[in-house]
Amino acid sequence: MALVEVQVPDIGDFDEVTVIELMVKVGDTVKAEQSLITVESDKASMEIPSSTAGVVKEMRVALGDKVKQGSIVLVVEAVGAVAATTVAPAAAVAASAPVAVVPVAAVAAAPAASGPVQVHVPDIGDFKDVVVIEVMVKPGDTIKAEQSLITVESDKAAMEIPSSAAGVLKELKVKVGDTVNIGDLLAILEGTVVAAAPAVAAAPAAAVAVSSAPVVAATPVAAIAAVAAPAHAPGGIAVGLPHASPSVRKFARELGVPLDEVKGNGPKGRITQDDVQTFTKSVMTGAAQTKAQAAKAPAASGGDGAALGLIPWPKVDFAKFGPIERKEMGRIKKISGANLLRNAIMIPAVTNHDDADITDLEAFRVSTNKENEKSGVKVTMLAFLIKACVAALKKYPEFNSSLDGDAIVYKNYWHIGFAADTPNGLMVPVIRDCDKKGVLQISQEMGELAKKARDGKLGPAEMTGATFTISSLGGIGGKYFTPIINAPEVAILGVCKSTMEPVWDGKQFVPRLMLPLSLTWDHRVIDGAAAARFNAFLGQILSDFRRVLL
């Protein structure tokens, strides 16, 4: 194993560039052409690849350092003997062959012309099938020579392709998502045009070296100097692409993440791969919304209701009437508010109220907890209620369904959601396959999910897929309420505090523990008779839990 110093290759017409991102660390195994660092000048942002494969033994640069061609980036313990020539700069290889130097000024001269002019992709270095990620002009635009037309991107670099002539753009031959190569037709210009100097991607000085002998490049082209994407200007007006490396932009595209909505936490506000992953988790857990999601959601209480044909929301200066304190709503409340408003408006909901006698069930729950005191699992009434609801859902399957256009989808699984009150707002964890679990297991899972909800650690999978939801106010109080259905479900059960009440048994009034039930249902799927039967059946199970076994 040989130790190899990996150097900065020829990066074109740049003297010194700043290291703004370290993509590897000591101990990492790197592949040949894997990106090691990201550097930035006032004109371009580029990733510097490794010239050899091996294990990183020493980092020779840090964030903020200035590097140039030949600077040592790191030391690699190379695999095998492949690294013998890996750090040879391109200039050193070229020097071994006869070279003719042609002044750029001689190449640049081009006569004026009139009529249609075709603009092709210039020499963009060692890149093939680069993807068009941005179109910067449109037909009818007046184009200047060297004005950028499109932005293309490979795995290692993003670059702008300039126009080789001036004129009026009559036809654009590419669109976002197309792949292009050197020589491909980009656009057709018309008018009196003056051809620009042919774009030479990596000309470092005022001359272009032309070798008469074949040259084998020791490293891939790291960047395109003259046509590279503009660097980020901290504090300036955001223009064009987000401030992120090509590999991060590619990663964001694969996940479908709108990169311009991601906050960068890297140097100078640069967006890193960790930033993209954090944003994705926030959207999946409901803690954040993309602009596209927000645009599709109906206006919340502070909206003007114009989309619904309503009169504007009243604008009031509350401070005129007395002291006020203004607090912004949390993210969860904002997101859930939009969903609740949509569900309340779009679902024709009806609520049935009833009472269930849980006297015997409560006595059984108390005795069960005493018997299992050492297990640490506390059985709640909600756990019994979940099992009772599963039995009712199996008997009346329309309550375990969803609307899909003009069809009703009946689900052969029973995942029950339960509303959990947290410091950040209401969240609904989901217990899966409740038909296959006993009351003790449900109680344990419910306790674990409720704790994760309070700690803000619920994952997306733990809040999706419910077929029916229970919203319990527990021991807080109240008698009945109207819960809002959690679309795409078609029903939800609201439960309030149980109270001792006198109940007529046919001969006398006896004290019984009664549990208030409020069943809200979607009238498009369920009718009143079915809802009344569901509530009655649920009450029978709760009064005699042995019916669950039937």
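Predicted model: local features only at pLDDT ≥ 70, side-chain atom pairs only at ≥ 80, totals over all residues.
The expected span of a helix is 1.5 Å times one less than its number of residues, where helices (H or I, at least four residues) and strands (E, at least two) are DSSP runs numbered from the N terminus. Residues are numbered from 1 along each chain as its sequence is written, and side-chain values use heavy atoms, leaving out hydrogens and water.

**Nonpolar cores**

- A nonpolar core is a set of buried Ala, Val, Leu, Ile, Met, Phe, Trp, Tyr and Cys residues joined through side-chain atoms within 4.5 Å; buried means under 20% relative accessible area, exposed over 50%, and partly exposed in between (1.4 Å probe, protein chains only).
- The largest core has 55 residues, of which Phe399, Phe468, Ile470, Leu493 and Leu542 touch the most other members.
- Elements that each supply at least two residues of this core include helix 9 (439–454), strand 28 (468–472), strand 31 (509–522) and helix 10 (528–543).
- Helix 8 gives the largest share of the core, 12 residues.
- Another core, of 21 residues, lies apart from the largest one and has Val119, Ile161, Ala165 and Val180 among its members.
- Helix 8 is largely enclosed by the rest of the structure, because 13 of its 15 residues are buried.
- Beyond its neighbours within four places in sequence, Phe468 has contacts (heavy atoms within 4.5 Å) with residues including Cys389, Leu393, Phe399, Leu493 and Phe534.

- Four strands form an open sheet in the order 11-18-16-13, with antiparallel pairing; two strands pair if DSSP finds at least two bridges between them.
- Strand 11 (117–120) and strand 13 (142–143) are at the edges with a single partner strand each, so one side of each has no neighbour in the sheet.
- Strand 16 (residues 167–172) pairs with strand 18 (residues 185–190) in the antiparallel sense over four bridges, and Leu169 stands opposite Leu189 in strand 18.

**A buried glutamate**

- Glu47 sits in strand 5 (residues 45–49) and is buried, at a relative accessible area of 0%.
- The side chains of Glu47 and Ser35 are joined by a polar contact of 2.6 Å; such a contact is a pair of N or O atoms within 3.5 Å, where within protein one must be able to donate a hydrogen and the other to accept it, and residues adjacent in sequence count only if both atoms are side-chain atoms.

**Salt bridges**

- With a salt bridge taken as a side-chain nitrogen of Lys or Arg within 4 Å of a carboxyl oxygen of Asp or Glu, the count comes to 18.
- Arg365 bridges to Glu362, with the closest N and O atoms 2.9 Å apart; the two are three residues apart in helix 7 (residues 359–371), so about one helical turn separates them.
- Arg365 is buried at 15%, whereas Glu362 is partly exposed at 22%.
- Glu501 and Lys479 form a salt bridge, their closest N and O atoms being 2.6 Å apart.
- Because Glu501 lies in strand 30 (residues 499–504) and Lys479 in the loop between strand 28 and strand 29, this pair ties together parts 22 residues apart in sequence.
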